[in-house]
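Good morning, and thank you for making time for this presentation.

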Amino acid sequence: MSSSPLVIGGTPVYRRLPESPPPPESFALDFAVQPASSQAGEDTVALFAATLLPGRYADIYGGRATGAVKIVAIDTRNGRVYQGQPERDDAVPLAVAMNAQPAPPRPGVARIEALETYFAVDLRRQLSLPPTAASYVVFLWLDEMTSAVRIVQLPGPEGALPPVLPSAGVTDEDFRFRRAEGTPPAAGVEIVLQQRSAAPEAIRIYGAAAPALLAAAPQPPATEYLTVMALDYRSRALDWWSYQVPEQARLAGELAFDFDLLTLLGGSGWLAATQPPRKAFVLASARGALSRVLTAEF
Amino acid sequence: MCSSGGSPPSQPSAGGSSPPNATAECDRILLVDIYEVVQREDGTDVNRGAQSRNQFINLDPARGRPELGRRIRFRAQFRWASGSTRSLAGQSVYWYAQAGAQNRAGLSGSLRAGFGTAAGSGLLRTPSTTDASGYTGIVEFFLSQYAGDTFSVFATENSDYTGGYCGGTFTVWRRLSYELDCMRRPSGGGTYSDRADTAGLESKCRDVFLELQRTGTDARPAHQRMIKAADARTWATNARDGTGAPRYFHLCMIDTIAWDPAPIRLTFDVPGGSPRIELPASTYLLDSSDWFVSATYRQGTQTGSLQVGNFRLTEEGAPATGDEKFVLTVSYTGLSVNTARNVTIRLEFKNWTEGSGLQTPTGPATLVGVRWRERRYRESASDLSNSTLNTMIHEPGHAMGLASQNLPDGQANTDHYVSTGGPHCHALSNGCVMYEANSSSVRLCDHCVDCVRGRNLSSLPIGATASY
């Protein structure tokens, strides 16, 4: 990869490039990746994105919509999640700039129907990925929307696995692998999530992976971790837990789980807007598959 | 029986005559006093009585200014206990330093305190000898590089390095100069100086043993709606007249800092009548002199291009009322458009990202954007104040080597330090001032406190990956 002619800068680029995906014909987040070198000459991967968003996202995020897109990479070896957004640090925080509850335009004022943006980033730099070689499950995430998932191999020397910190200390009560009354049915190769309770003190999310997903040979390199993620609408914080899929579940072809959303969101920080109505977007990923976004309002 | 050591120190006697039965064989030396050796303005040395003080280790030593630099020089004077006036040459004297109980453990290399001729010896004990008149040679002690560390320096005649007189207790401090320039507001004649909580800044710096001294005059630069990142260095340099570099930073309170102009394409359903497009200033930032890229329109089967002349860009509202917006008024003059009906317009324009603050390496200067805070926090004076103070600490914090990749003891700052667009700290979730996004938190996390206390601050800016 060191002979790659493609050089990607350290700060995001916000225009359509030859390597960018074509303009989406319908509302979508799309991206392509290419081996690249950083300006310092280090091997990396460049991510080129094209987005076409419904006008509602322009009403909420305006010209900062690109910065609202989360770039997510899950280390296939241990389920550790890295995330970032294609925006420089030290910008006015999106959490305080966004219009969380946009009203319809006043009479006589134009309504935004669609917003189209492009960006390109050095994936390793933008997500602070380790310099060592690893493969990642990569996707883009903007609230209710996700892109397709791609397995991306980051080059580099072999190195030790980074620790998986966020799920340390989580109790069995917070997260369980089990089939429960609220477990949704799953078919095909999908992962399904649903919210079954709306008590203020505990928001339980139930999930299941379809047997076919477990039966299928995992995409190389194998990822045997289940990752649950929640994006807090107001604070823009993304929290996650990853767990190794139990051997028993793999053998039985049945993976069911449930977790407490509020505990997962516990670290969302100073602008979590804990007063209702609160909203979070929830995802689960396993074996290179991604669930649809569950919007939890509570 | 005579003892060569171990006896408690004695105050010098008022008299000077030898007891009638004293002999050289059983006599012993007694500490008269311990002095700090200070260089006068003319370059000669003078012995001064010991005193405790803050020592500003990041400043160059200067004549007549013993409080500057890491090195402190001492000399002690002894006499015969018997009062004898015979020569004291070659008598052994023992120097030691007591480190404060709260001092940073684990410092290594040049960060350590110690006796010697250069910083970092790590030797907290050293012997010396007296001359014929009972004075020791000059003994040099270097404080650690860790702000807040304290050291008490003693001289004693006891060979087990106990007792003696204390030459003073010294606390490691640093001192920086800073300059404040506040842009004029767009109207009303005032400046943004009312948002600069310099007392808060100085107080927060004192918490990490850093004294700030104001320098220069407030140039009150003319108002500019936005300062682009590429122009920030020149703009700040033109406003600057303070001194103190390279132990200096420059704070500039401005309207808006802008970076990363990005083309953005919006498709509008523009109503008939008096067509008007509104873009809230909270999420859009347009440079009125250079905003238009392209535009097309469609009305039924009619399509065509719009030029910049078909739009009139104005800005309405105010931060205080939270209704600021960029307004585009559309004119269809000369086009085949039924102005009574809706038109679909696809507009591509250049949108800037509004920065919270910006650190430029020259100066170094910190530009603090005020407009967005006055808009966002118009209903909370404390949040407005803290958000501004957050940036006033955060950006100079970068110049001081925060968020550091490593801790002063050489350990990696694992899981606090992150580097994306710049070095930042993920401690306390997003509660540390050095977190990548502005907040109303004005607290540095324990790791960042540790790091900034370890920086010597002798020349700004310091990189986050720089060694200590």
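This is a predicted model: local features need pLDDT of at least 70, side-chain atom pairs count only at pLDDT 80 or more; totals for chains, interfaces and linings use all residues.

Residues are numbered from 1 along each chain as its sequence is written, and chains are lettered from A and ligands numbered from 1 in the order in which they are written.

Let me begin with chain A. Chain A has seven helices and 18 strands; helices (H or I, at least four residues) and strands (E, at least two) are DSSP runs, numbered from the N terminus. Of its 298 residues, 47% count as buried. A residue is buried if 20 or more other C-beta atoms lie within 10 Å of its own, exposed if 12 or fewer, and partly exposed in between, with C-beta atoms placed from the backbone. Among the contacts in chain A with a separation of 6 or more, 72% join residues 24 or more positions apart. Two residues are in contact if their C-beta atoms, placed from the backbone, lie within 7 Å.

The domain assignment of chain A gives domain 1 (7-154) and domain 2 (175-297); such bounds come from an automatic or database domain assignment. The C-alpha centres of these two domains of chain A lie 22 Å apart. Their contact takes 21 residues from domain 1 of chain A and 22 residues from domain 2 of chain A. On the domain 1 side, β4 (70-75), β5 (81-84), α3 and β7 (134-142) of chain A each give two or more residues. Of these, β7(A) provides the largest share, four residues.

Chain B is divided into domain 1 (29-174), domain 2 (175-257 + 357-454) and domain 3 (259-354). Here the C-alpha centres of domain 1 of chain B and domain 3 of chain B lie 72 Å apart.

How many residues of each chain are in contact with the other chain? The contact involves 38 residues of chain A and 48 residues of chain B. On the chain A side, α1 (55-61), α3 (94-97), β6 (111-122) and α4 (123-126) each supply at least two residues. The largest share of that side, seven residues, comes from β6(A).

Apart from neighbours within four places in sequence, V282(A) is in contact with L193(A), I205(A), A230(A), L261(A), V293(A), L294(A) and A296(A).

Next, the helices of chain B. Seven of the nine residues of helix α5 (residues 446-454) of chain B are buried, so this helix is largely enclosed by the rest of the structure. The buried residues of α5(B), which include C448(B), pack against α4 and β24 (423-425) of chain B.

Finally, some individual residues. A cis peptide bond joins A245(B) and P246(B), with omega about 10°; P246(B) lies in the loop between α2 (229-239) and β13 (248-254) of chain B. A cis peptide bond also joins G363(B) and P364(B), with omega about -10°. P364(B) lies in the loop between β21 (357-360) and β22 (365-369) of chain B.

S128(A), a residue other than glycine, has a positive phi near 55°, and its place is in the loop between α4 and β7 of chain A. S128(A) counts as partly exposed because it has 15 C-beta neighbours inside 10 Å. Y161(B) likewise has a positive phi near 55°, in the loop between β9 (150-156) and β10 (165-182) of chain B.

Apart from neighbours within four places in sequence, N54(B) is in contact with E67(B), T171(B) and W173(B). N54(B) and T303(B) are 249 residues apart in sequence and 75 Å apart in space, C-alpha to C-alpha.
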